[in-house]
Amino acid sequence: MDLKGMRVAVIGGGIGGMAAATALALRGGDVHVFEQAPALEEVGAGLQISANGQAVLAALGVELTGVSGSAGTEIQDGRTGRKVAFVPAPSAGPTWYVHRADLLGALLVCAEKAGVSTVLDRLVTPGTIQADLIVAADGGQSIWRSTVDGPCSPRFTGQVAWRALVPAEAGQEAAAPSTLSMGSRAHVVTYPLRAAQLMNLVAVEERSSWSEEGWRQQGDVDEFRARFSDFKGPAGEIIARVETVHLWALHLRPVARHWWRDNIALLGDAAHPTLPFMAQGACMALEDAWVLADALSRSDDLAASLALYQRMRQKRAEQVVALARGNAMRFHLPRPWSWGAQAVLSVGAGALARRLDWVYDYDATQVL
Ligand SMILES: Cc1cc2nc3c(=O)[nH]c(=O)nc-3n(C[C@H](O)[C@H](O)[C@H](O)COP(=O)(O)OP(=O)(O)OC[C@H]3O[C@@H](n4cnc5c(N)ncnc54)[C@H](O)[C@@H]3O)c2cc1C
């Protein structure tokens, strides 16, 4: 179907929403993005964009500067700083380290070039907007999801992610491996950003108390350092240099059973919120964006196109979300189980990595 003249409202100007808006506008849609925030901005933090996400960015024409490709992941025992294993970059190609704000900025440039208009400071609720197609890309706490898929309550996972950026030390390589330091009921991921000017840190700990779900909760640096004081090696050195830290409580919601209803389609975290332990949430939102636009351009029947979109996306999203959930447990094994896991990793990290190739070599631009 030629999307020319199709009036599309995209709810949410995050990575998923802006990518969907661009993909739909490139096919002729008359696309308007509605974002509740007064400015289009992402938190100061990094993202890993693997080959599957890169394929969509390339197809959309997104140009990113200051991006480096990871050489792989070094797994360390956080308690000693000792290297346990090296997981090579995926066969599909190196994963990029990207600053979130840079990615959103580059997507915005493409969206504007494709004719997308953006309305800021506008929280849009179900029933208050008219369009031929409504794309609900309103994130993990989506208020549109219940209209499409019924009620769904979040469950606190008992895990909290601390996030920080610190200036990189002189000599830091831009394409260095990311590090995953595994501690007891905690882990820390680090990688360089913006041509190695910055180091990105995500530190996850287990907690019994509930913490508010949301991005921008400022954390207490002393509390953060005290909690992760037993991390040695490179992770410990970066932790010691953190001056500002944010907290994010990790919540679980199942992947939606219904991704569309009438003329509304769910996309990105709104359809499949995921824990961050596969670094795939934004990549999957990019994949959704391309497949949705592709599915719509294949038929004049909106319902058939939206059904095709769900069919193409749901199973993959469920599989990736399940992997991330499994890692939540694997990364936090207490001793002595962690010794067994480390022994397995030290001899078989390469083979384990190859078993994940299906995640990274998926090319959403070629699936239909
Ligand atoms: C610690 C951590 C690390 C991560 N690392 C990675 C990684 O390395 N790689 C990766 O691929 N993914 C990663 N992710 C996941 C990734 O951040 C998300 O999956 C991705 O940002 C989801 O994009 P989205 O556009 O679907 O939703 P969001 O980014 O949440 O955007 C939703 C937008 O909608 C707006 N909005 C909400 N409701 C309304 C409304 N009613 N009206 C108007 N606007 C509205 C919001 O203000 C927001 O701008 C990570 C996540 C976390 C927590």
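Mentor: A residue counts as buried when its relative accessible area is under 20%, exposed when it is over 50%, and partly exposed in between, with a 1.4 Å probe and protein chains only. This model is predicted: local features need pLDDT of at least 70, side-chain atom pairs count only at pLDDT 80 or more, and totals for chains, interfaces and linings use all residues. Residues are numbered from 1 along each chain as its sequence is written, and side-chain values use heavy atoms, with hydrogens and water left out.

Trainee: Which residues are buried in α2?

Mentor: Helices are DSSP runs (H or I, at least four residues), numbered from the N terminus. In α2, the buried residues are A51, N52, G53, Q54, V56, L57 and L60. Because 7 of the 10 residues of this helix (residues 51-60) are buried, α2 is largely enclosed by the rest of the structure.

Trainee: At what angle do helix α1 and helix α3 pack?

Mentor: Two packed helices are described by the angle between their axes and the distance between the axes. Axes are lines fitted to C-alpha atoms, for helices over the stretch in contact, and angles run from 0 to 180 degrees between N-to-C directions. Here α1 (residues 15-26) and α3 (residues 100-113) pack at about 20°, with axes 9 Å apart. That makes α1 roughly parallel to α3, a description for angles under 35 degrees.

Trainee: Which residues of α1 and α3 meet?

Mentor: Contact means heavy atoms within 4.5 Å. From α1, I15, M18, A19 and T22 meet L103, L104, L107, L108, C110 and A111 of α3.

Terms used
Helices (H or I, at least four residues) and strands (E, at least two) are DSSP runs, numbered from the N terminus. Angles under 35 degrees count as roughly parallel, over 145 as roughly antiparallel, 65 to 115 as roughly perpendicular and the rest as oblique.
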